[in-house]
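Good morning, and thank you for coming. I would like to take you through one structure, beginning with a single residue and then turning to the chains and their contacts.

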Protein chains: 2
Amino acid sequence: MKRTSRDIRTANRYGVLRQIIADSPASRQEVAAATGLSLATVATLVGELLELGLLTEVGFEDSDGGRPRGLVAVHAAGGALIGVDVAETYIHVELFDLALKVLARADTELKPGMKQPDQMVAHIADAIASVVVQSGVEPGTVLGAGISMPGQVDREGGSLLYAPNWDWHDVPLLGLLAEHVDYPLYLDNPLHACTVAELWFGAARGRSDVVVVNLGTGVGAGIALNGELHRGITNSAGEWGHTTLVLDGRLCHCGNRGCVETYVGAPGIMRNLRELSPDSPMLHPDDQTATIEALASGAAAGDPVAVEVVRETARYLGAAISDLVNLLNPEVVVLSSWVAGKLGRPLLDEVREAVARRALARPLAATEIVLCPIPTDPVSLGAATFALEGSLASVGQKAPRTASKTLGDRDR
Amino acid sequence: MKRTSRDIRTANRYGVLRQIIADSPASRQEVAAATGLSLATVATLVGELLELGLLTEVGFEDSDGGRPRGLVAVHAAGGALIGVDVAETYIHVELFDLALKVLARADTELKPGMKQPDQMVAHIADAIASVVVQSGVEPGTVLGAGISMPGQVDREGGSLLYAPNWDWHDVPLLGLLAEHVDYPLYLDNPLHACTVAELWFGAARGRSDVVVVNLGTGVGAGIALNGELHRGITNSAGEWGHTTLVLDGRLCHCGNRGCVETYVGAPGIMRNLRELSPDSPMLHPDDQTATIEALASGAAAGDPVAVEVVRETARYLGAAISDLVNLLNPEVVVLSSWVAGKLGRPLLDEVREAVARRALARPLAATEIVLCPIPTDPVSLGAATFALEGSLASVGQKAPRTASKTLGDRDR
């Protein structure tokens, strides 16, 4: 029993706001029906959110002869949220209003030599300053900035324990960033960001048990149970890319053999292509993106090699997704990240068939497999959502808990 | 958001009782500190449990000059619980008091030809009647009976959707049983029973994220997150035995190849032995139990073949447990069921080493691997706990929700 009354109240606050963002305007009665919470609880939570300026009253609706019911909606201008998606080669920053509409964007390319935390911090701080200026929002209305960093993240301490791309160990990222940025800061990884984005705005909304399969250069599986991200005991849940698909199979950069990632991550898919057709013109040995794009075009045009590579990749992916279906019995599996986006429908169709051949009948019948429906970058959206969740979690605390301040103080 | 206020209240009621069972007598303040619930919530829930007769007041303790604090304890005689463990070859029934002490047992052997639901129901009903008579408890104090059946269980409907041992399809077991047994009845599978037993009385008590690995003829992984069993969307979560360890590997009875179960279930371990030493005297081709016992004695005596079979089994098991560690990032992994019990410490040591070689550093460092510490049959204990949970879940409802009654009515 690690779940406190406070956790439950925060989770309920998320649930109420999530429902109203999904379906505004809404009456308290509708929110109660959709969330399963009591009307009294919903009324209290809506009251808090109105007081915080996150919701606004927008009139009344008739209730079949009863008293007219008050309607509330998200107060889009009631605050701004910043989402920062840091990847190996770029920093992508977006500023959102409270309806999660993008008001400004900033993109920074990261040169291959860029390995110092100070340089990274300066780039992130500049991009954050830029989106605030561009958007014209009052800096005082920014509720916070969420930062997604690839690697092992100590979320509560605000540091990067290990980032393989830059060979960082124990970098107190939020502490460094707090010297340049005065908003509350929240740190996590892209897998958790994508999953939270699906929970609030995507295919996981209103669903209880969901797995978000991230297919990029690396791969992972974000797990959402009972409508909440499962982080695990040290925030590292979701390392599905390093579960074994073929014992003693392909060598993985983690040091093991046969990891899922070596078959269905972008470099693994390149290898699937190379094994089938070593001289294929679709193969760009130093360019994952170009290779995956060539495969996508090829598969769309019916090129037999491209079709076969997609099918072989789906055979691996289908087995590994069947493992998730059998183990977790989820309602929805979402295929997300850039490889899934580019291979799209042909990959989805093959994966559905492969899972249908392999998963157990009962969990299979209960599971839907879909492509990520979020039209913008789910990582920056999810990162901004960390800031939204953070500000909701700090409601009722004397001062908002800003990881940045704490860390900044500790570093001095 | 499928979690209702009622669910949360029930979960809190479980948490409070679980804590008091673990550590009786206790003050409300101690329970609040241990569960993270507010003192007001604990006081309300303790009040309900006292009124139900599940707890009893047992005096006061000083509180450093403050007002003496009231102490409560489990009221062992406040009710009785029945746990039924049905396996391929036997029915094992235990009757417990509310401190979960065994007051009576009944064992029935199932003959190989015994395939009819009516026969099974008669055996279960006889065994239940027997433990009530033996124990001398007043039948009116029996809070319910939990039945663990191997197979796919429709828990809410009280039926067995599929039981491979007897080739049953859609058998309304609780409906049939309710014609003979007048207690509230609760149905689930052994994997879920073992996991609930660990949550209430074993290695998962007070831990948030736990995986209970069941090693028997079949294998599975019960998942407990935030102190609650994760059942999945159709109660079939945990089919880890049918996740892929070796793509295109050994043929499994589920129709796929390379499932974990084919390497670490009792028949899989027999195959590991046969592959290493086809003529080994430890191999009893038609007797799994005798073979596993021979391997256990052999390993204890340092027999090189037995040691090597345990090591090879642990290599498979270690890879498959690493998958759970990497994916779920649990605090504890418990090795349970009869194969783990018989191979015991030698298996545990080899598994720990194999997982240490394979799991990612961060989740590995946070995970403890232990043998099931429950000294009695965890399946019948867990089944009895279903009845305890069921009676706690029905607190405050007009009439206790008895799956048996509902089903019985529907069948007529």
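The phi angle of A:D170 is near 50°, a positive value in a residue other than glycine. Most residues other than glycine have a negative phi, and most peptide bonds are trans.

A word on conventions. This is a predicted model, in which local features need pLDDT of at least 70 and side-chain atom pairs count only at pLDDT 80 or more, while totals for chains, interfaces and linings use all residues. Residues are numbered from 1 along each chain as its sequence is written, chains are lettered from A and ligands numbered from 1 in the order in which they are written, and side-chain values use heavy atoms, with hydrogens and water left out.

Next, the peptide bonds. The bond from A:S24 to A:P25 is cis, with omega near -10°, and A:P25 sits in the loop between α1 and β1 (26–27) of chain A. In chain B, the bond from B:S24 to B:P25 is cis, with omega near -5°, and B:P25 is in the loop between α1 and β1 (26–27) of that chain.

How are the two chains related?

I turn to the interface of the chains. Contact, meaning heavy atoms within 4.5 Å, joins 63 residues of chain B to 64 residues of chain A. Because 100% of the interface residues of chain B are also interface residues in chain A, the copies meet through the same surface. The two chains bury about 5500 Å² between them, 53% of it on carbon and sulfur atoms; buried area is the accessible area (1.4 Å probe) that two parts lose on being put together, summed over both.

How many salt bridges does the rule find across the interface of chain B and chain A? There are two, a salt bridge being a side-chain nitrogen of Lys or Arg within 4 Å of a carboxyl oxygen of Asp or Glu. A:R315 forms a salt bridge with B:D248, with the closest N and O atoms 3.2 Å apart. On the side of chain B that touches chain A, α10(B) gives the largest share, eight residues.

Finally, the domains. An automatic or database assignment divides chain A into domain 1 (5–74), domain 2 (78–193 + 378–411) and domain 3 (205–371). The C-alpha centres of domain 1 and domain 2 of chain A lie 29 Å apart, and their contact takes 13 residues from domain 1 and twelve residues from domain 2. About 990 Å² is buried between these two domains of chain A, with carbon and sulfur atoms giving 68%. A:R6, A:Y14 and A:L54 supply 44% of the area that domain 1 of chain A buries against domain 2 of chain A, more than any other three residues. Between domain 1 and domain 2 of chain A, the count of salt bridges is zero.

Technical notes: Helices (H or I, at least four residues) and strands (E, at least two) are DSSP runs, numbered from the N terminus.
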